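Here's a quick tour of a multi-chain model. We'll start with one chain, then look at how the packing is organised and who touches whom.

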Amino acid sequence: EDKTIHMINCGDNTGAGIPIQDELIKGWEADNPGFKVEVEFVPWGQCQEKSTTLASAGNPPAVAYMGSRTLKQLAANDLIIPVDMTEEEKATYAAPILGTITANGKQWGLPRAFSTKALYWNKDLFKEAGLDPETPPKTWDEMYEAAKAIKDKTDSDGFGLAAASFDNTMHQFMNYVYTNGGAVINDEGEIVFNSPNNVEALAFYGKMAEVSQPGPVAYDRAKLRPLFSEGKIGMFISGPWERVRVKDVNWGVAPIPVGPSGGPGTLLITDSLAVFKGSGVEEQALSLAKLLTNPENQMAFEIAEGYTPLRDMPEVQDILKADPTWKAFLDAIPTGGPEPFVTDYVGLQDSINEAVQGVVLGEVEPDEAIEIAAEQLEEFK
Amino acid sequence: MAHTAKQKDYFPFLLLVPATLVMVAVVAYPLFETFRLSFTNTSMSPNFEYVGLENYEKIMSRRFPEVIARTFYWMGLSVGLKMLIGMLGAVLLNAMVPGRTLFRILVMPPWVIPIAIGVFIWGWMYNGQFGMISGVAQRIGILSGPFEFLAYKNSAFMSTIVTDVWIGVPMVTIYLLASMQSISRDLFEAAWVDGASRFYRFRRITLPLIVPSIATMALLSAIATFNSFDIIWILTEGGPRGATTTMIIDTYKTAISRFKYGEGAARTVMIVLFLGSFMLVYFMLLSRLARRSPNNAA
Amino acid sequence: MGELQLRDVRKNYGQMEVIKGVNLDVNHGEFIVFVGPSGCGKSTLLRMIAGLEEITGGDITIDSKVVNNLPPVKRGIAMVFQSYALYPHMTVYENIAFPLRVERLANDKVEEKVQAAAGILQLTDRLLHKPGELSGGQRQRVAIGRAIVRAPSVFLFDEPLSNLDAALRAEMRVELAKLHNTLDATMIYVTHDQVEAMTMADRIVVLDLGVISQVGTPLDLYHKPRNLFVAGFIGNPKMNFIEVTGKQATGDGVIVTLPSGQELTVKVSAHGAVAGKTLTLGIRPEDLTIERADASIEVVPNVVEHLGIHTVTYSAVEGAKSTFCSLLPGSAAARVGVPVAMGLNGTDCHLFDEAGIAFERQLSVEKLDPAAMLV
Amino acid sequence: MGELQLRDVRKNYGQMEVIKGVNLDVNHGEFIVFVGPSGCGKSTLLRMIAGLEEITGGDITIDSKVVNNLPPVKRGIAMVFQSYALYPHMTVYENIAFPLRVERLANDKVEEKVQAAAGILQLTDRLLHKPGELSGGQRQRVAIGRAIVRAPSVFLFDEPLSNLDAALRAEMRVELAKLHNTLDATMIYVTHDQVEAMTMADRIVVLDLGVISQVGTPLDLYHKPRNLFVAGFIGNPKMNFIEVTGKQATGDGVIVTLPSGQELTVKVSAHGAVAGKTLTLGIRPEDLTIERADASIEVVPNVVEHLGIHTVTYSAVEGAKSTFCSLLPGSAAARVGVPVAMGLNGTDCHLFDEAGIAFERQLSVEKLDPAAMLV
Amino acid sequence: MLHKYRWYEYVLIYSGLALFLTFVLAPFVEAFVVSLRPLSGLFSIPYRFITDEMSFDAYFTMWENVPLLWLYMFNSFFIATVVTVLGLICIIPAAYAFARFEFPARNTLLGLFIAVNMFSGAVLIIPLFKLMQQYGLLNTYFAMIAPGTAFVIPTGIWLLRSYLIRIPRELEEAAWVDGAGKLYTLWRVIIPVALPGIVVVTITAFITAYAQQFIFALTFNSVNELNPLPVGLFQFFGRQTVVWNELMAASLVGILPVLFVYVFLQRYIVAGLTAGAVKE
Ligand SMILES: Nc1ncnc2c1ncn2[C@@H]1O[C@H](COP(=O)(O)OP(=O)(O)OP(=O)(O)O)[C@@H](O)[C@H]1O
Ligand SMILES: Nc1ncnc2c1ncn2[C@@H]1O[C@H](COP(=O)(O)OP(=O)(O)OP(=O)(O)O)[C@@H](O)[C@H]1O
Ligand SMILES: [Mg+2]
Ligand SMILES: [Mg+2]
């Protein structure tokens, strides 16, 4: 009887990268007789919770696709094993990317997917509002002015702002934190959220609400795209995937505008394959995960899926040549900051979302909101 | 009952065996486990320690009282609306007008549709830009621009309630309708002979006679509403800023989203206590009511 | 006040005609009873008068006003339902007060009228109870109370006693009769119990399949039923029917041949040829006698009931349409299986033609109005 | 076969004693009727015999076997319930066959027995119908059929006719009596209708508040009620009771003074001093006459019922304990408000002492067993 | 006559009904309209009922996009059916016991059963999960069926009990006198007589089981082939873009069978609830 390696994949099996992955798995099985890989696809909404629940009930999957932000929490609870990268392997990743999987000096996952953010703008609306359609805003103030112009002069709103109670709100806000020289947690693991930079960022976030679509609190990323596609908002910040989905609009994409107290930045998110402890096939799972994510295989997978390339390899130039809109995203990689690495990610997210919503709804002052959130975050570091 | 043979006394218990087995396995035992968990710091990892009342202290120090108050407010409003709309619906469906059979069938879909699916649809409808409600309201001039129902504390609070009401109303309607139909027609004829108007008949006969049914239904839907999870979770995840965080949502967030099983269990225990005392109070009120008016409805 | 006319009143339920043209005049203060077998349309007719059912054809006139299209409350009627239709959640007081509340009468007036009605019905000490706490007879009185307070000109009752047990029924019958005397109102009363009809009615209306079979005073119907249906329906135990052959109509009566071959002169006036015709002879069980009489029928009882007050026998008899019943006064000497000769007199007999129509009986006036003797 | 003894049988519900020590011997083939007012314990006693209620004290013996702790099926009894308790989802055939199915009797045996029972009860052409499609009387017969197939030695009936209307009730009464003759089984029958009791019983057991008030043949109870309770309960209309004063006991009877001052010799044997005592005179409405008699009471009827067969008057009379009722044969000359002198004869009257116990009446034997005259 | 309405009463009733039914049915209309639009036309602004290019395409493409849709529907039906059957096996005897027998702690027990209604699946999911796992029941139909059953039992008992109370006791006594055992009586007499009540309980249990199988399936099952409809439909969300039109189409198709069941049996529901309603 073959031993089963239970692998949880988020999403569905229709992606163009899946056949590639299947091939690799088949190959791996051939090399490792006595083991059989069983891939389960779980919809995004429950995917990570499911793996975690299985693990905490003592029945972990062998390897699962997890947001890298959860790795520290999983590690702290002794649910996953470190992936023990060699220096050589580490060197293939850009530093910010490596940062997303490193805690207590160890790496806890193998990056599988990755994104940076950039600003999309609607050239037609810019024109209609009397702005130069080819010049995207470079700073927050410019962005605000452009949005205001669109809001005032066209039927549309200037900006797409997300503030719903979903993870995307915090993600959006982190872009402002990172372009204003802020941080949530420092390298020593201390909460440094309560800083003037962050207060400034949050205040600006709230200010953007004035020129954004009505009711930002009802919006997450997924709902903004239709608005942008319909020409109802002039700009929004999102990842590279929008490039292929935004339709019927004359758009451009540029780096995220920079805040008054900082420089270029972006939130850098990775998802990783994590190897769970206690499945009985940890070793094989790790070997499989490494196989899937080695530079060559990973690149093939990314090209098929249309993901942002993790590693700077020759193919990247081809990609960029074929589609220059990648530029803003790829350029942002070195400036990227990770998702805050904490032991209670959802707690963190709730606290920050609440601060953002409070300011967007005009219920609390930014400094107060930041202070409260910072206090709550102490519990999660 | 008076079946003489004494040795048969165990029989009723025998009858209860299957149901009890299921309940013990699926409810009682897990509930007991929950109780045990509530004194531990169980989290993601399978290892845990007993921490005494720490979890309960944590609950109290947080915003829990606010959540409790909100829960009951949410529940009260939702149940109230369900009863009101259900009653209205029942009255209308009780009218002997052509097409009533069809109408009676048409009330049911929200009940038979899987809750999650219904909520997805509502989520779509609440969208300010392309949802039906804001769209129609703009069309007929109630709203001047798109309105995001889930974006503001009050409107999100009300929106979750409306969806909950939508899901709960068919059952209430049909139940009250059934209860109205069980009132003897004679009573209405007698009142009519005495010159009572339709409204008067409703107020003086129908209403008092279905009070017991209303009470029963109110309790049932209060419990269902209290436990209403999917609706809020799918629509708002308890936001904005906690405006729709009820005890269940709070518990789920703690236990399932944040993997703090111990704390979540403590919250569950609190829920059980609250619901338990709520039901107790309710039943006491009800039996007092019943004692005041022995109702020997035909 | 309290006059009622039905003119060719009809009622269809869909295709089915359940009331087939009824004509009736009711005078003020009369106590009219509708009787008939189940399903004959009694309730329907009453409900049409009340205004609870629509009229398919004809006219209903109350106090010279056609009320066909008036709602019940405008007809000046009050109705007591078979189920009483008391409001279970209201006290007796509120039940009785209900029609007054509907009218928005001032509280003190209500109090006054309710107390008056409760007084008449001896419910004064029950006013604060709920109907569920009352006995059947008390409930019935509450229902009547609710009718009384409106001071209607016509009371309608639909089998108001059928839910009561025999003893209480007898008692309530008497009370209703008294009430009728007290109130001086017209009453229309539906029942399928012919004893109730006989004891309470000024006039009985016998309904059969939606048509009036006969209208008359109780003794009219008892002594001069117009047809076999009425003859069989009125009277308990039922009249015995025997097939006989007509022989000859004389001035004295009609001579018939009994199955046994005996001849009997029945004191009726024939309304057609009788000779050789198959007629039906009717004789009430209580008119049979064990003394010598004009003719006799030999019976062998298969059941004998000694009730003390009288003795009832049941036998199978040649030519009889069903079990042949006799009712003898006191404790008569009858035993199962022992033959008895039952005597019958020509004056007591009824005779019906082949269509079931009665020949007119020759009767003394006292039989029909015994009280006349007292004058 | 079919003998039954009750020995000091008792039943408590919690604190409440509802059967207070009943002793009764029933012989094979007897038709025993339990009567009594509502709540007196008739059903309870019957259900104790059936084995549906536990016995608190005493012994029940059926065919010389103490059955106190046997389940119903082992007692050799069968029961017919007031509501018939037919299984609505089964055909008549299956309803009747039910006890046999329980016994797992072979199909052909079942067929045979069911057909036999159906034959007796004339249900053969109804076997494939459901109870819902039957008339009241037919349902009743099905219920009996279900009892018959088990060939019990004792049949128990709990008010089996109370759901039927008057006409059907009379008919079924006769049929039950015939059945009793056919089956040769012991029957115990509960009713609160004294007419049923009188007509069907070999012996009647009158129950009052959980004790036996009197046991005897119907005419025994009618003519010689042992106490006021039985006197009032047996007979319809009820016996009239009038307060009289005892004057003197003679060999001929007891002389009493009526409220009007008239004296009357009641033909009873006194069992104690009577002079000056307040006694109760009982006279049945049917024993009153408008002819000359030993004494008379003047009444002013306030209700007169002409039933054809007889005339009933109700009046308020001095000294009478409730409405004074008279029943005159045929169409008597009585009218509301017109005084009549009602004659009463000493031989017809009953007399009760202060405790309500009857003085023994002096009666001819024919009164108690009219059939004896035939021998 | 009692129910003869004047014209303005008709207007009032029908407009009330229109309003009421609008509230009840609007989401379905919306879902239908959405299902007819091409994905690109979904987010049309301003809001319009009728848009260009409406078609039933989504009803065909959804089978390709979620190829197991049939299976999900079957699973939903299957799970709901088994839940109902198991539920009835528990409900009928228990309701009978509560309706007919006196035994110690009867009311307390009944109260406890009813009280179970209070605990939604959400609060018990962790310990349940551990339990299932312990007995190797995860990823089986049973894992979804067992909790489903538990949550239809209380309401079922409550409904059926009030129906059984109204069945005349003499029916059982007659069977008892004829020598029938209690189980025989239950099986041959009570159940057939209570059939209308049982039908109601069956329908309500089925619908409940059908409508509320989301959370258990989500947590206790990870075998796609066993998933019930709501979880299956969730896969429309799993995509990069939510395929709203197909989701709505699939939702509508998915509820059709239950709706049919309901339409044909609704008069039993109303009648059955009446039986249970008054005496409570
Ligand atoms: N709403 C109705 N629709 C159709 N037919 C009806 C309706 N109401 C009564 N009927 C029919 O009309 C006929 C007369 O019914 P009605 O109730 O008047 O009889 P009834 O004489 O009062 O009988 P009972 O003594 O049983 O009360 C019956 O055949 C009955 O079936
Ligand atoms: N299960 C019980 N618990 C307590 N008391 C009871 C019970 N059953 C009967 N009783 C009481 O026992 C007494 C006798 O009841 P039973 O039913 O035998 O009367 P009954 O003579 O048959 O009356 P009816 O003619 O009304 O049927 C009544 O007072 C009744 O209230
Ligand atoms: Mg009628
Ligand atoms: Mg009884």
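## Chain A: the elements

Chain A has 17 helices and twelve strands, where helices (H or I, at least four residues) and strands (E, at least two) are DSSP runs numbered from the N terminus. Keep in mind that this is a predicted model, where local features need pLDDT of at least 70, side-chain atom pairs count only at pLDDT 80 or more, and totals for chains, interfaces and linings use all residues. As for bookkeeping, residues are numbered from 1 along each chain as its sequence is written, chains are lettered from A and ligands numbered from 1 in the order in which they are written, and side-chain values use heavy atoms, with hydrogens and water left out.

## Size and surface

How does chain A compare with a compact globule, and why? A globule of 381 residues would have a radius of gyration near 21 Å, and chain A agrees because its own value is 21 Å. That radius is taken over C-alpha atoms, and the globule rule is 2.2 Å times the number of residues to the power 0.38. Along the principal axes, the C-alpha atoms of chain A fill a box of roughly 70 × 45 × 35 Å.

Of the 381 residues in chain A, 62% are buried (under 20% relative accessible area, with a 1.4 Å probe and protein chains only). The accessible surface of chain A is about 13,900 Å², and carbon and sulfur atoms hold 50% of that (Shrake-Rupley method, 1.4 Å probe).

## Contacts within chain A

Take the contacts (heavy atoms within 4.5 Å) in chain A with a separation of 6 or more: 75% of them link residues 24 or more positions apart. For a local example, L24(A) sits in helix 1 (residues 18–31) of chain A. Beyond its neighbours within four places in sequence, L24(A) is in contact with L291(A), L292(A) and N297(A).

## Nonpolar cores

A nonpolar core is a set of buried Ala, Val, Leu, Ile, Met, Phe, Trp, Tyr and Cys residues joined through side-chain atoms within 4.5 Å. The largest one has 398 residues, and F159(A), F173(A), F193(A), I60(C), I60(D) and W244(E) touch the most other members. Helix 3 (residues 69–100) of chain E gives this core its largest share, 16 residues. A second, separate core of 112 residues includes L176(C), Y222(C), A197(D) and V303(D).

## Between the chains

Terms used: Buried means under 20% relative accessible area, exposed over 50%, partly exposed in between (1.4 Å probe, protein chains only).
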